[in-house]
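We will go from one selection to the next.

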Amino acid sequence: MSDIAISDIEAIRSRFQADIDTASDLSSLDAIRVSALGKKGEISMMMRGLGKMSPEEKTVMGPALNGLKNDVAALVDIRKTALENEALDAALASEMMDMSLPVSRKNGTLHPVQQVMEEMAVIFSDMGFSVAEGPDIEDDFHNFTALNFPPGHPARDMHDTFFMVPDSDGQQKVLRTHTSPVQIRTMMSQKPPIRIIAPGRTYRCDSDQTHTPMFHQVEGLVIGEDIHMGHLKGCLMDFVSAFFETDVDVRFRPHHFPFTEPSAEMDVRYERDGASIKIGQGNDWMEILGCGMVHPNVLTACGINPDVYQGFAFGMGVDRLAMLKYGMPDLRDMFAGDPRWLGHYGFSPLVQASLESGLS
Ligand code: DAH
């Protein structure tokens, strides 16, 4: 005869139930679970004793012990959910934020990157552009292939791409390395004439004083029947003077991008004055953007007939333009989230950038 009886099982159940009901946190609950159901737990040891019982005892004690084990496990689960909910309620109560409170004029500021994106949107919308968007997690087709970077093309390596873990269907997505995939999405979903800018986050595996793994770009795209390089130049010249709020000389240098032909980089005239940089004067030139006429292969990939339509595109780094315009020395400070930095360089959220009243 074994040394446990059915009546003992009832007593053990009540004892564990009382312990479980009074467990005050998840770790003491887990200690109770281990003491009952762990490898050397009380109930596990009793179940091990089943092997030594006679067949008659086993038919009684087997189901009784199994029932005890399941009941205790269920009680632990119920208490666990209750404790988790209590912890969540406590966190929600202590971290509550009243979104209906008025904005504090003293503390809240607009980040310079946001400010500069809004300034760009104001300038380009005045020229008839609208704002387009695309996802930060892109597929290879939109980020590379449709932009005339065939698989294996060396220019792909220059993008220091962050690759995602492949999907279940084997597709490997990337964090977009530029905002140019929004060109593709726009051309595939809209008919020409097209005139858009696409501001957004971009990512490359790179970090130093002038590079951060996440940064911002604004892409531009114009497609129509008689668009030529003169339109591109005029548009970008008007843009920089409006953006820097002064007359700015520019210079276009031939360059190479897979998705444009011909391609160019645009420089602005500048001068270094001690630690600060003055755009629009001096004898030095600084590169601020890439541009070109959309490559026929890109138009074709998007279902647009290159014999009928042409267009131009451009792309620029928002963070760098913000640094140049507002005199911030280190790119990394932009994303450190230091309220003192934001207090100094931030903008009032209550003043809208506009061409009439001034951009900043
Ligand atoms: N996507 C380029 C980059 O990230 C920038 C760029 C250059 C965009 C030329 C354009 C363009 O649309 O025409 O380096």
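Which residues does UniProt list for "domain: Aminoacyl-transfer RNA synthetases class-II family profile"? The unreviewed entry gives residues 113-339. UniProt positions follow the numbering used here, feature names are shortened, and annotations may be inferred rather than shown by experiment.

A word on the source. This is a predicted model, where local features need pLDDT of at least 70, side-chain atom pairs count only at pLDDT 80 or more, and totals for chains, interfaces and linings use all residues. Residues are numbered from 1 along each chain as its sequence is written, and side-chain values use heavy atoms, leaving out hydrogens and water.

Select residues 113-339. This stretch is 28% helix and 32% strand. Its end C-alpha atoms are 15 Å apart. Helices (H or I, at least four residues) and strands (E, at least two) are DSSP runs, numbered from the N terminus.

Now select strand β7, residues 260-273. Glu 261 is in this strand. UniProt, in an unreviewed entry, places the feature "binding site" at Glu 261. Is Glu 261 buried or partly exposed? It counts as partly exposed, at 47% relative accessibility. (Buried means under 20% relative accessible area, exposed over 50%, partly exposed in between, with a 1.4 Å probe and protein chains only.)

Show Met 293 and His 295 next. Glu 261 touches both, not counting residues up to four places away in sequence. Contact means heavy atoms within 4.5 Å.

Finally, zoom out to the whole chain. Twelve helices and ten strands make up its secondary structure. The C-alpha trace spans about 100 × 50 × 35 Å along its principal axes. Of the 360 residues, 41% count as buried.
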